[in-house]
Protein chains: 2
Amino acid sequence: MSMNDSFQVNMDAFLPLRDVVFNNLRHAILVGELKPGERLMEIHLANKLGVSRTPIREAIRMLELEGLVIMTPRRGAEVAQITEKSMNDVLEVRQALDVLCVELACRRITAEELEDLKDACEAFAASVETGDLRQIAEADVALHDIIIKATGNPRLIQLVNNLSLQMYRYRFEYIKDSTQHETLIREHRVIYESLVAGNAETAAQAAKTHIDNQRNAIIRQIRLEQGK
Amino acid sequence: MSMNDSFQVNMDAFLPLRDVVFNNLRHAILVGELKPGERLMEIHLANKLGVSRTPIREAIRMLELEGLVIMTPRRGAEVAQITEKSMNDVLEVRQALDVLCVELACRRITAEELEDLKDACEAFAASVETGDLRQIAEADVALHDIIIKATGNPRLIQLVNNLSLQMYRYRFEYIKDSTQHETLIREHRVIYESLVAGNAETAAQAAKTHIDNQRNAIIRQIRLEQGK
DNA sequence: ATACAATGTTATGTATACAAGAATTGTGAC
DNA sequence: GTCACAATTCTTGTATACATAACATTGTAT
């Protein structure tokens with residue numbers, strides 16, 4: 001046990017401990033602090049986080065339903081493996097839902113949200129100028145959040161957010177390639193203009209290729225990782 | 001508290017109690033035994049089911065992530081309300097995913113599965129002859145299961161099954177109207193033949209109208225319920 | 001040396017105890 | 001009669017104790 005893996009529970013908000021633990025563990029899994037295949041042992045985690053087993057157990061149940069951990073009875077939980085197949089499965093679903101998002105947004109987006117979206121597009125273009133990957137990724141997420149919220153479908157929002165999280169670890173991969181930056185900006189603009197015009201067809205097409213690009217980048221990266 | 005609502009835990013399989021409780025509660029919610037807005041109190045349920053609070057709590061957490069109960073901190077859980085909006089939200093997502101299912105199935109279905117699908121189509125037509133709603137509903141589910149499994153995408157399968165469950169209570173509504181039975185048979189046949197021909201386009205269209213019909217039946221029913 | 005059995009350890013499954021917050025009810029004053 | 005405030009009760013949040021199943025280890029016999 002190394003020194004710097006004793007991550008403590010920070011009393012984020014006044015959330016119940018199970019939620020704090022849940023967020024902690026989820027984050028640890030997504031950034032790779034807890035690696036695929038690693039077992040999540042309750043007593044161990046309880047000591048590490050300074051809480052009892054109860055909130056740990058409840059958090060693990062939640063992670064299970066999110067697909068981040070796999071449970072086997074009487075053996076406990078382990079971090080789910082990320083394979084090319086599993087990523088592809090997630091991306092297939094996400095593509096369909098992202099297309100649905102822009103189609104719905106097309107019909108329901110308000111004037112105010114359109115204005116926000118325009119700003120977000122410009123902010124994204126500006127962030128590309130800086131070349132800072134983190135900043136670009138954040139601008140991208142902000143932009144997508146506006147579209148997703150514009151659907152007015154909380155169920156859809158929850159699902160898309162959850163699926164996006166599954167790929168959190170690869171969030172930089174598809175913006176690393178700077179030759180693609182202009183393409184990204186263009187796709188965003190196409191989506192924005194389609195929403196303005198209410199043209200669901202072209203918006204859907206743009207969203208589709210947007211995910212295709214993402215898929216390519218992620219799959220490429222996974223093959224690199226597994227090839228080593 | 002009436003006599004016959006003391007549903008006991010039956011030791012279904014050798015599942016952990018949390019799963020037994022989860023299945024029990026889910027079923028109770030879906031068939032309306034536990035009504036929307038009804039509070040789920042841990043001690044109460046624990047006594048009723050003859051287990052301790054621990055498995056109850058874990059089951060409730062799982063139900064929360066499935067969207068069947070709503071939790072508010074320090075107040076506990078209650079059965080989620082079913083509104084026209086919430087059903088519409090679910091159906092929107094399900095339509096997109098059902099379309100994705102047939103498109104993927106188009107590319108991936110095996111010869112054997114196609115044979116099963118053909119049989120299922122015929123079994124459905126036969127069940128319609130009997131006029132027994134329960135039998136028709138089961139045949140319909142069996143048919144859809146074949147298509148869903150043919151996608152080979154476990155993630156997608158899980159999501160579609162979960163979304164279907166949300167509408168469990170209305171599963172008879174869209175097959176009640178016997179004037180629609182011929183339409184249903186025809187739609188199934190269109191999907192089957194599209195899969196044989198590998199024609200994703202027409203399969204998608206059929207799946208879409210299939211859900212549209214379902215939506216109409218469900219929304220009509222909800223308006224009836226709320227109008228009374 | 002290998003296979004198998006017995007034993008001990010470890011982790012999960014379940015129950016229960018205790019703490020603390022929220023709602024409700026009752027009492028008093030205006 | 002109504003409003004405010006306090007006390008009680010009910011419920012959830014968390015910790016811990018005990019039971020049981022799985023796994024590892026060790027010892028013995030062949």
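Helix axes are lines fitted to C-alpha atoms over the stretch in contact, and angles between N-to-C directions run from 0 to 180 degrees. This is a predicted model, in which local features need pLDDT of at least 70 and side-chain atom pairs count only at pLDDT 80 or more, while totals for chains, interfaces and linings use all residues. Side-chain values use heavy atoms, with hydrogens and water left out.

**Helix packing in chain B**
- Helix α6 (residues 133-150) of chain B packs against helix α7 (residues 154-166) of chain B at an angle of about 150°, and their axes lie 9 Å apart; helices are DSSP runs of H or I with at least four residues, numbered from the N terminus.
- This angle makes α6(B) roughly antiparallel to α7(B), a term for angles over 145 degrees.
- Asp145(B), Ile148(B) and Lys149(B) of α6(B) meet Ile157(B), Val160(B) and Asn161(B) of α7(B), where contact means heavy atoms within 4.5 Å.

**Nonpolar core**
- The largest nonpolar core has 42 residues; such a core is a set of buried Ala, Val, Leu, Ile, Met, Phe, Trp, Tyr and Cys residues joined through side-chain atoms within 4.5 Å.
- Helices α4, α7 and α10 of chain A and α4, α7 and α10 of chain B each supply at least two residues of this core.
- Leu97(A), Leu156(A), Leu97(B) and Leu156(B) have the most contacts inside the core.
- Beyond four places in sequence, the residues that Leu156(B) touches include Val93(A), Leu97(B) and Leu100(B).

**Gln221 of chain A**
- Gln221(A) lies in helix α10 (residues 200-227) of chain A.
- Gln221(A) is buried because its relative accessible area is 16%, and buried means under 20% with a 1.4 Å probe and protein chains only.
- Beyond four places in sequence, Gln221(A) touches Tyr170(A) and Glu173(A).

How values were computed:
Residues are numbered from 1 along each chain as its sequence is written. Chains are lettered from A and ligands numbered from 1 in the order in which they are written. Buried means under 20% relative accessible area, exposed over 50%, partly exposed in between (1.4 Å probe, protein chains only). Angles under 35 degrees count as roughly parallel, over 145 as roughly antiparallel, 65 to 115 as roughly perpendicular and the rest as oblique.
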